[in-house]
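Please keep the sequence and the model in view while reading.

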Amino acid sequence: MGKSITKLVIAVVVIALGAYTALFGFNIQIAGWHISYPSALDEENGIRQGLDLVGGSVITYEAQTETAEDSDMESVKNVLRKRLDALGYSEATVTRQGEKKVRVEIPAIQNPEEAVQTLGQTAKLTFRDFEGNIVLEGTDVKSATAAFGQTTENGPSQHYVQLHLADSGTDKFYQATQIASAQPEGSNFIAIMLDEEVISQPSVSTPINQSTCIISGGFQDASETRELATLINSGNLPFSIEDVELRSVGPTLGEHALETSLMAAGIGIILVLLFMLFVYRLPGLMADIALVCYIAIVAFIMSWLRINLSLPGMAGIILSVGMTVDANVIIFARMKEELCLGKTIRASVEAGFNRAFVAILDGNVTTLIAAVVLYYFGTGPIQGFAITLAIGTVVSMFTTIVVTKFLLRQIVNLKVHNLSLYGVKRGNDHA
(Lines give C-alpha, C1' and ligand atoms only; values in the text may rest on other atoms or scores of the structure.)
Protein backbone atom coordinates (compact mmCIF):
# COMPACT_ATOMS: atom_id res chain seq x y z
CA MET A 1 0.00 0.00 0.00
CA GLY A 2 2.86 2.34 0.87
CA LYS A 3 4.45 1.88 -2.56
CA SER A 4 1.16 2.65 -4.28
CA ILE A 5 0.75 5.90 -2.35
CA THR A 6 4.32 6.89 -3.26
CA LYS A 7 3.79 6.09 -6.95
CA LEU A 8 0.49 7.99 -6.98
CA VAL A 9 1.95 11.08 -5.32
CA ILE A 10 5.01 11.08 -7.60
CA ALA A 11 2.82 10.74 -10.70
CA VAL A 12 0.53 13.60 -9.65
CA VAL A 13 3.48 15.87 -8.79
CA VAL A 14 5.25 15.13 -12.09
CA ILE A 15 2.07 15.80 -14.08
CA ALA A 16 1.40 19.05 -12.17
CA LEU A 17 4.98 20.28 -12.66
CA GLY A 18 4.88 19.29 -16.34
CA ALA A 19 1.64 21.18 -16.91
CA TYR A 20 2.97 24.27 -15.12
CA THR A 21 6.24 24.16 -17.08
CA ALA A 22 4.48 23.71 -20.42
CA LEU A 23 2.09 26.59 -19.84
CA PHE A 24 4.27 29.05 -17.95
CA GLY A 25 7.88 27.88 -18.53
CA PHE A 26 10.70 28.19 -16.01
CA ASN A 27 13.98 30.02 -15.59
CA ILE A 28 16.35 28.93 -12.83
CA GLN A 29 20.05 29.03 -11.98
CA ILE A 30 21.69 26.16 -10.11
CA ALA A 31 25.41 26.16 -9.22
CA GLY A 32 26.21 28.49 -12.07
CA TRP A 33 24.07 26.59 -14.57
CA HIS A 34 21.28 28.52 -16.26
CA ILE A 35 18.32 26.31 -17.12
CA SER A 36 15.24 27.70 -18.84
CA TYR A 37 12.26 26.53 -20.86
CA PRO A 38 9.96 28.98 -22.65
CA SER A 39 6.27 29.14 -21.94
CA ALA A 40 4.06 27.60 -24.60
CA LEU A 41 2.34 30.99 -24.77
CA ASP A 42 5.62 32.87 -25.33
CA GLU A 43 5.21 34.85 -28.56
CA GLU A 44 8.85 34.44 -29.65
CA ASN A 45 9.85 30.97 -28.47
CA GLY A 46 6.56 29.22 -27.72
CA ILE A 47 3.75 28.05 -29.95
CA ARG A 48 3.52 29.99 -33.20
CA GLN A 49 0.19 31.70 -33.70
CA GLY A 50 -1.68 31.93 -36.97
CA LEU A 51 -2.66 35.01 -38.96
CA ASP A 52 -6.19 34.96 -37.59
CA LEU A 53 -4.86 35.21 -34.01
CA VAL A 54 -1.83 37.52 -34.20
CA GLY A 55 -1.93 39.12 -37.63
CA GLY A 56 1.03 39.16 -40.00
CA SER A 57 2.03 40.24 -43.48
CA VAL A 58 0.31 40.12 -46.84
CA ILE A 59 2.34 40.04 -50.06
CA THR A 60 0.87 40.25 -53.55
CA TYR A 61 3.08 38.97 -56.37
CA GLU A 62 2.43 39.78 -60.02
CA ALA A 63 3.75 37.94 -63.07
CA GLN A 64 5.91 40.23 -65.18
CA THR A 65 4.39 39.27 -68.52
CA GLU A 66 1.55 40.33 -70.80
CA THR A 67 -0.27 37.02 -70.44
CA ALA A 68 0.21 34.17 -67.97
CA GLU A 69 -0.96 30.60 -68.49
CA ASP A 70 -2.95 28.98 -65.68
CA SER A 71 -0.39 26.18 -65.48
CA ASP A 72 2.43 28.70 -64.98
CA MET A 73 0.54 30.53 -62.22
CA GLU A 74 -0.21 27.20 -60.54
CA SER A 75 3.52 26.48 -60.62
CA VAL A 76 4.16 29.81 -58.91
CA LYS A 77 1.61 28.91 -56.24
CA ASN A 78 3.14 25.48 -55.69
CA VAL A 79 6.66 26.89 -55.29
CA LEU A 80 5.53 29.54 -52.80
CA ARG A 81 3.49 26.95 -50.90
CA LYS A 82 6.48 24.60 -50.78
CA ARG A 83 8.72 27.34 -49.41
CA LEU A 84 6.21 28.30 -46.73
CA ASP A 85 5.77 24.70 -45.60
CA ALA A 86 9.55 24.23 -45.48
CA LEU A 87 9.83 27.33 -43.27
CA GLY A 88 7.17 25.96 -40.91
CA TYR A 89 4.38 28.37 -41.89
CA SER A 90 1.74 25.71 -42.49
CA GLU A 91 -0.98 28.24 -41.55
CA ALA A 92 0.09 30.66 -44.28
CA THR A 93 -2.23 30.91 -47.29
CA VAL A 94 -1.43 31.22 -51.00
CA THR A 95 -4.30 32.18 -53.32
CA ARG A 96 -4.71 33.36 -56.93
CA GLN A 97 -5.93 36.89 -57.61
CA GLY A 98 -7.07 37.49 -61.14
CA GLU A 99 -4.98 36.23 -64.04
CA LYS A 100 -1.48 37.33 -63.06
CA LYS A 101 -1.39 37.80 -59.29
CA VAL A 102 -0.80 35.56 -56.28
CA ARG A 103 -1.60 36.66 -52.73
CA VAL A 104 0.45 35.29 -49.79
CA GLU A 105 -0.54 35.77 -46.14
CA ILE A 106 2.15 34.93 -43.55
CA PRO A 107 1.32 34.97 -39.82
CA ALA A 108 3.49 36.47 -37.07
CA ILE A 109 5.79 38.43 -39.43
CA GLN A 110 4.61 42.01 -38.91
CA ASN A 111 7.20 43.59 -41.24
CA PRO A 112 6.17 42.92 -44.87
CA GLU A 113 9.70 43.53 -46.19
CA GLU A 114 10.99 40.90 -43.75
CA ALA A 115 8.30 38.56 -45.07
CA VAL A 116 9.54 39.07 -48.65
CA GLN A 117 13.11 38.26 -47.59
CA THR A 118 11.89 35.19 -45.71
CA LEU A 119 9.91 33.93 -48.68
CA GLY A 120 12.55 34.81 -51.26
CA GLN A 121 12.20 35.61 -54.93
CA THR A 122 11.54 33.56 -58.08
CA ALA A 123 12.58 29.91 -57.86
CA LYS A 124 16.00 29.03 -59.31
CA LEU A 125 16.33 25.65 -61.03
CA THR A 126 19.76 24.10 -61.59
CA PHE A 127 21.15 20.71 -62.61
CA ARG A 128 24.42 19.81 -60.87
CA ASP A 129 26.99 17.02 -61.10
CA PHE A 130 28.40 15.05 -58.16
CA GLU A 131 30.93 17.83 -57.48
CA GLY A 132 28.20 20.47 -57.26
CA ASN A 133 29.04 22.12 -60.59
CA ILE A 134 26.08 23.60 -62.47
CA VAL A 135 25.64 21.77 -65.78
CA LEU A 136 22.17 23.07 -66.72
CA GLU A 137 19.94 25.96 -65.66
CA GLY A 138 16.21 26.49 -65.82
CA THR A 139 16.44 28.32 -69.13
CA ASP A 140 17.99 25.19 -70.68
CA VAL A 141 14.78 23.20 -70.04
CA LYS A 142 11.67 23.75 -72.13
CA SER A 143 9.27 21.74 -69.99
CA ALA A 144 8.70 18.63 -67.92
CA THR A 145 5.70 16.32 -68.16
CA ALA A 146 4.49 13.44 -66.00
CA ALA A 147 3.68 10.23 -67.88
CA PHE A 148 3.03 6.51 -67.46
CA GLY A 149 4.23 3.74 -69.76
CA GLN A 150 7.20 1.68 -70.86
CA THR A 151 10.58 3.40 -70.62
CA THR A 152 12.36 0.54 -72.42
CA GLU A 153 11.23 -1.72 -75.24
CA ASN A 154 10.46 -4.79 -73.12
CA GLY A 155 10.35 -3.14 -69.71
CA PRO A 156 7.33 -2.85 -67.42
CA SER A 157 5.05 0.19 -67.48
CA GLN A 158 5.90 2.72 -64.80
CA HIS A 159 5.50 6.35 -63.78
CA TYR A 160 8.17 8.69 -65.13
CA VAL A 161 8.94 12.34 -65.91
CA GLN A 162 9.98 13.37 -69.42
CA LEU A 163 12.28 16.36 -69.82
CA HIS A 164 12.19 18.47 -72.99
CA LEU A 165 15.44 20.39 -73.39
CA ALA A 166 16.00 23.67 -75.19
CA ASP A 167 18.61 23.87 -77.96
CA SER A 168 21.00 25.49 -75.50
CA GLY A 169 20.57 22.58 -73.08
CA THR A 170 20.94 19.61 -75.42
CA ASP A 171 24.71 19.88 -75.89
CA LYS A 172 25.29 20.81 -72.25
CA PHE A 173 23.26 17.82 -71.11
CA TYR A 174 25.13 15.47 -73.46
CA GLN A 175 28.50 16.57 -72.08
CA ALA A 176 27.22 16.32 -68.49
CA THR A 177 25.78 12.82 -68.97
CA GLN A 178 29.01 11.70 -70.66
CA ILE A 179 30.97 12.65 -67.57
CA ALA A 180 28.35 11.38 -65.09
CA SER A 181 27.93 7.97 -66.75
CA ALA A 182 31.68 7.36 -66.51
CA GLN A 183 31.70 7.92 -62.75
CA PRO A 184 31.57 5.02 -60.25
CA GLU A 185 28.26 4.05 -58.73
CA GLY A 186 27.22 6.59 -56.14
CA SER A 187 28.72 9.49 -58.10
CA ASN A 188 27.07 8.81 -61.47
CA PHE A 189 24.14 11.17 -60.96
CA ILE A 190 22.91 14.61 -61.92
CA ALA A 191 21.06 16.36 -59.10
CA ILE A 192 18.06 18.54 -59.91
CA MET A 193 17.93 21.42 -57.43
CA LEU A 194 15.31 24.08 -56.75
CA ASP A 195 16.30 26.92 -54.42
CA GLU A 196 19.46 24.98 -53.44
CA GLU A 197 17.33 21.99 -52.39
CA VAL A 198 17.61 18.62 -54.15
CA ILE A 199 14.22 17.63 -55.57
CA SER A 200 15.50 14.64 -57.56
CA GLN A 201 18.82 12.87 -58.03
CA PRO A 202 18.58 10.43 -60.97
CA SER A 203 21.56 8.26 -61.83
CA VAL A 204 23.02 8.29 -65.36
CA SER A 205 24.01 5.01 -67.05
CA THR A 206 24.69 6.21 -70.62
CA PRO A 207 25.33 9.57 -72.34
CA ILE A 208 22.14 11.25 -73.61
CA ASN A 209 22.50 13.09 -76.92
CA GLN A 210 18.95 14.19 -77.68
CA SER A 211 16.48 16.90 -76.71
CA THR A 212 14.34 14.61 -74.55
CA CYS A 213 15.19 12.33 -71.66
CA ILE A 214 13.36 10.33 -69.02
CA ILE A 215 13.60 10.34 -65.22
CA SER A 216 12.29 7.01 -63.94
CA GLY A 217 12.53 4.68 -60.97
CA GLY A 218 11.43 5.33 -57.40
CA PHE A 219 8.06 6.92 -58.24
CA GLN A 220 5.23 5.25 -56.35
CA ASP A 221 2.30 6.92 -58.10
CA ALA A 222 1.29 9.62 -60.55
CA SER A 223 1.18 12.33 -57.86
CA GLU A 224 4.94 12.04 -57.30
CA THR A 225 5.75 12.47 -61.01
CA ARG A 226 3.30 15.38 -61.29
CA GLU A 227 4.90 17.09 -58.30
CA LEU A 228 8.41 16.73 -59.73
CA ALA A 229 7.30 17.94 -63.16
CA THR A 230 5.57 20.95 -61.59
CA LEU A 231 8.64 21.86 -59.56
CA ILE A 232 10.89 21.62 -62.61
CA ASN A 233 8.48 23.75 -64.62
CA SER A 234 8.30 26.31 -61.81
CA GLY A 235 12.02 26.90 -62.14
CA ASN A 236 11.57 27.37 -65.85
CA LEU A 237 8.82 29.98 -65.82
CA PRO A 238 8.82 32.22 -68.91
CA PHE A 239 8.47 35.24 -66.63
CA SER A 240 9.58 36.55 -63.26
CA ILE A 241 7.31 37.59 -60.40
CA GLU A 242 7.51 40.85 -58.48
CA ASP A 243 5.96 41.90 -55.19
CA VAL A 244 3.57 44.75 -56.07
CA GLU A 245 1.87 45.14 -52.69
CA LEU A 246 3.23 44.77 -49.16
CA ARG A 247 1.20 45.41 -46.04
CA SER A 248 0.77 44.24 -42.49
CA VAL A 249 -2.59 43.15 -41.10
CA GLY A 250 -4.01 42.77 -37.62
CA PRO A 251 -5.65 39.63 -36.23
CA THR A 252 -8.65 38.81 -38.41
CA LEU A 253 -10.54 37.56 -35.36
CA GLY A 254 -9.86 40.66 -33.29
CA GLU A 255 -7.04 41.97 -31.15
CA HIS A 256 -7.93 39.78 -28.15
CA ALA A 257 -8.89 36.69 -30.14
CA LEU A 258 -6.28 34.43 -28.54
CA GLU A 259 -7.18 35.45 -25.00
CA THR A 260 -10.90 34.96 -25.53
CA SER A 261 -10.35 31.65 -27.36
CA LEU A 262 -8.12 30.33 -24.56
CA MET A 263 -10.64 31.50 -21.98
CA ALA A 264 -13.44 29.68 -23.79
CA ALA A 265 -11.32 26.54 -24.06
CA GLY A 266 -10.36 26.80 -20.38
CA ILE A 267 -13.98 27.13 -19.28
CA GLY A 268 -14.94 24.13 -21.42
CA ILE A 269 -12.12 22.00 -19.99
CA ILE A 270 -13.03 22.97 -16.39
CA LEU A 271 -16.65 21.98 -17.02
CA VAL A 272 -15.47 18.64 -18.43
CA LEU A 273 -13.26 18.06 -15.39
CA LEU A 274 -16.16 18.79 -13.05
CA PHE A 275 -18.49 16.52 -15.04
CA MET A 276 -16.06 13.58 -14.87
CA LEU A 277 -15.53 14.13 -11.14
CA PHE A 278 -19.26 14.40 -10.38
CA VAL A 279 -20.41 11.41 -12.47
CA TYR A 280 -17.51 8.95 -12.06
CA ARG A 281 -16.08 10.12 -8.69
CA LEU A 282 -12.67 8.53 -8.04
CA PRO A 283 -12.08 7.19 -11.59
CA GLY A 284 -13.20 10.60 -12.86
CA LEU A 285 -10.58 12.27 -10.68
CA MET A 286 -7.88 10.02 -12.16
CA ALA A 287 -9.17 10.85 -15.65
CA ASP A 288 -8.97 14.56 -14.78
CA ILE A 289 -5.33 14.16 -13.75
CA ALA A 290 -4.65 12.30 -17.02
CA LEU A 291 -6.36 15.13 -18.95
CA VAL A 292 -4.02 17.64 -17.31
CA CYS A 293 -1.16 15.38 -18.44
CA TYR A 294 -2.62 15.44 -21.95
CA ILE A 295 -2.66 19.25 -21.99
CA ALA A 296 0.95 19.39 -20.78
CA ILE A 297 2.22 16.93 -23.42
CA VAL A 298 0.37 18.65 -26.28
CA ALA A 299 1.69 22.05 -25.17
CA PHE A 300 5.25 20.66 -25.02
CA ILE A 301 5.00 19.15 -28.51
CA MET A 302 3.40 22.25 -30.06
CA SER A 303 6.03 24.51 -28.51
CA TRP A 304 8.98 22.23 -29.32
CA LEU A 305 7.99 21.75 -32.97
CA ARG A 306 6.98 25.43 -33.31
CA ILE A 307 3.69 24.47 -34.92
CA ASN A 308 1.53 27.37 -36.11
CA LEU A 309 -1.68 27.50 -34.09
CA SER A 310 -4.73 29.11 -35.65
CA LEU A 311 -8.39 28.81 -34.76
CA PRO A 312 -8.78 25.63 -36.90
CA GLY A 313 -5.72 24.22 -35.08
CA MET A 314 -7.31 24.97 -31.72
CA ALA A 315 -10.44 23.20 -32.96
CA GLY A 316 -8.31 20.10 -33.62
CA ILE A 317 -6.98 20.16 -30.05
CA ILE A 318 -10.43 20.66 -28.52
CA LEU A 319 -11.78 17.82 -30.66
CA SER A 320 -9.07 15.49 -29.40
CA VAL A 321 -9.86 16.56 -25.81
CA GLY A 322 -13.41 15.40 -26.46
CA MET A 323 -12.06 12.08 -27.77
CA THR A 324 -10.00 11.68 -24.59
CA VAL A 325 -13.06 12.22 -22.43
CA ASP A 326 -15.13 9.93 -24.66
CA ALA A 327 -12.58 7.13 -24.29
CA ASN A 328 -12.64 7.47 -20.50
CA VAL A 329 -16.44 7.45 -20.49
CA ILE A 330 -16.44 4.16 -22.44
CA ILE A 331 -13.94 2.61 -20.01
CA PHE A 332 -15.75 3.79 -16.88
CA ALA A 333 -19.13 2.69 -18.22
CA ARG A 334 -17.68 -0.82 -18.69
CA MET A 335 -16.26 -0.70 -15.18
CA LYS A 336 -19.62 0.23 -13.66
CA GLU A 337 -21.28 -2.61 -15.53
CA GLU A 338 -18.75 -5.09 -14.13
CA LEU A 339 -19.15 -3.72 -10.60
CA CYS A 340 -22.94 -3.97 -10.82
CA LEU A 341 -22.52 -7.64 -11.77
CA GLY A 342 -20.75 -8.19 -8.48
CA LYS A 343 -17.16 -8.43 -9.69
CA THR A 344 -14.28 -7.10 -7.61
CA ILE A 345 -12.95 -3.58 -8.14
CA ARG A 346 -9.62 -4.89 -9.44
CA ALA A 347 -11.30 -7.20 -11.96
CA SER A 348 -13.72 -4.47 -13.00
CA VAL A 349 -10.93 -1.98 -13.67
CA GLU A 350 -9.00 -4.48 -15.79
CA ALA A 351 -12.15 -5.56 -17.63
CA GLY A 352 -13.12 -1.95 -18.29
CA PHE A 353 -9.84 -1.20 -20.02
CA ASN A 354 -9.57 -4.53 -21.83
CA ARG A 355 -13.10 -4.54 -23.24
CA ALA A 356 -13.05 -0.88 -24.25
CA PHE A 357 -9.59 -1.01 -25.85
CA VAL A 358 -10.70 -2.23 -29.28
CA ALA A 359 -13.43 0.41 -29.59
CA ILE A 360 -11.03 3.18 -28.50
CA LEU A 361 -8.30 1.95 -30.86
CA ASP A 362 -10.70 1.81 -33.81
CA GLY A 363 -11.96 5.33 -33.14
CA ASN A 364 -8.47 6.79 -32.84
CA VAL A 365 -7.07 4.97 -35.88
CA THR A 366 -9.92 6.19 -38.10
CA THR A 367 -9.38 9.73 -36.80
CA LEU A 368 -5.65 9.49 -37.57
CA ILE A 369 -6.45 8.28 -41.09
CA ALA A 370 -8.74 11.27 -41.58
CA ALA A 371 -6.02 13.61 -40.26
CA VAL A 372 -3.45 12.15 -42.68
CA VAL A 373 -5.83 12.55 -45.63
CA LEU A 374 -6.63 16.15 -44.64
CA TYR A 375 -2.93 16.98 -44.33
CA TYR A 376 -1.98 15.31 -47.62
CA PHE A 377 -4.72 16.88 -49.73
CA GLY A 378 -5.26 20.11 -47.79
CA THR A 379 -3.27 23.32 -47.52
CA GLY A 380 -2.80 26.12 -44.98
CA PRO A 381 -5.38 26.09 -42.14
CA ILE A 382 -6.65 22.64 -43.16
CA GLN A 383 -3.16 21.23 -42.66
CA GLY A 384 -2.93 23.05 -39.32
CA PHE A 385 -6.16 21.41 -38.19
CA ALA A 386 -4.89 18.00 -39.36
CA ILE A 387 -1.57 18.38 -37.51
CA THR A 388 -3.11 19.32 -34.17
CA LEU A 389 -5.79 16.65 -34.55
CA ALA A 390 -3.16 13.97 -35.21
CA ILE A 391 -0.98 15.09 -32.28
CA GLY A 392 -3.97 15.28 -29.97
CA THR A 393 -5.22 11.84 -31.02
CA VAL A 394 -1.89 10.12 -30.36
CA VAL A 395 -1.44 11.86 -27.00
CA SER A 396 -5.05 11.07 -26.13
CA MET A 397 -4.43 7.36 -26.67
CA PHE A 398 -1.35 7.49 -24.44
CA THR A 399 -2.96 9.36 -21.56
CA THR A 400 -6.11 7.23 -21.64
CA ILE A 401 -4.55 3.77 -21.97
CA VAL A 402 -1.34 4.37 -20.02
CA VAL A 403 -1.73 7.27 -17.56
CA THR A 404 -5.35 6.74 -16.48
CA LYS A 405 -4.83 2.99 -16.17
CA PHE A 406 -1.65 3.45 -14.09
CA LEU A 407 -3.40 5.87 -11.70
CA LEU A 408 -6.44 3.63 -11.28
CA ARG A 409 -4.27 0.61 -10.53
CA GLN A 410 -2.62 2.54 -7.72
CA ILE A 411 -6.08 3.38 -6.33
CA VAL A 412 -7.00 -0.31 -6.47
CA ASN A 413 -3.79 -1.20 -4.62
CA LEU A 414 -4.80 1.23 -1.88
CA LYS A 415 -7.85 -1.03 -1.32
CA VAL A 416 -10.48 1.66 -1.62
CA HIS A 417 -13.60 -0.56 -1.56
CA ASN A 418 -16.42 1.93 -1.22
CA LEU A 419 -18.38 1.49 -4.46
CA SER A 420 -19.99 4.91 -4.17
CA LEU A 421 -16.52 6.36 -4.83
CA TYR A 422 -16.64 4.59 -8.21
CA GLY A 423 -20.04 6.05 -9.12
CA VAL A 424 -21.94 2.83 -8.27
CA LYS A 425 -24.87 2.80 -5.85
CA ARG A 426 -24.80 -0.58 -4.15
CA GLY A 427 -25.25 -1.87 -0.68
CA ASN A 428 -22.35 -4.35 -0.80
CA ASP A 429 -18.74 -3.46 -1.43
CA HIS A 430 -16.24 -5.74 -3.17
CA ALA A 431 -12.49 -5.86 -2.81
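At what angle do the axes of helix H8 and helix H10 cross, and within what distance do they come? In this predicted model, the axes of H8 (residues 311–340) and H10 (residues 381–413) cross at roughly 30° and come within 7 Å. Because angles under 35 degrees count as roughly parallel, H8 is described as roughly parallel to H10. The crossing in which H8 passes H10 is right-handed. As to the residues of this contact between H8 and H10, 13 are nonpolar and 13 are polar, while no charged residue takes part.

These two helices belong to a chain whose secondary structure comprises ten helices and 15 strands. The chain has 431 residues, and buried residues make up 43% of them. Among contacts in the chain with a separation of 6 or more, 72% are accounted for by residues 24 or more positions apart. The accessible surface of the chain amounts to about 22,000 Å², and carbon and sulfur atoms contribute 58% of that surface.

A single residue may now be considered. Threonine 170 lies in helix H5, which spans residues 167–181. Is threonine 170 buried or exposed? The relative accessible area of threonine 170 is 13%; since buried means under 20% relative accessible area, threonine 170 is buried. When its neighbours within four places in sequence are left aside, threonine 170 is in contact with Leu165, Gln210 and Ser211.

Notes
Residues numbered from 1 in each chain as written. Predicted model: local features only at pLDDT ≥ 70, side-chain atom pairs only at ≥ 80, totals over all residues. Heavy atoms only, no water. Axes fitted to C-alpha atoms, helices over the stretch in contact; angles between N-to-C directions. Helix = DSSP H or I, 4+ residues; strand = E, 2+ residues; numbered from the N terminus. Parallel < 35°, antiparallel > 145°, perpendicular 65-115°, else oblique. Left-handed = near helix turned anticlockwise from the far one by under 90°. Nonpolar A, V, L, I, M, F, W, Y, C, P; charged D, E, K, R; others polar. Buried < 20%, exposed > 50% of the residue type's maximum accessible area, 1.4 Å probe, protein only. Contact = heavy atoms within 4.5 Å. Areas by Shrake-Rupley, 256 points an atom, 1.4 Å probe, with all protein chains shown as cover.
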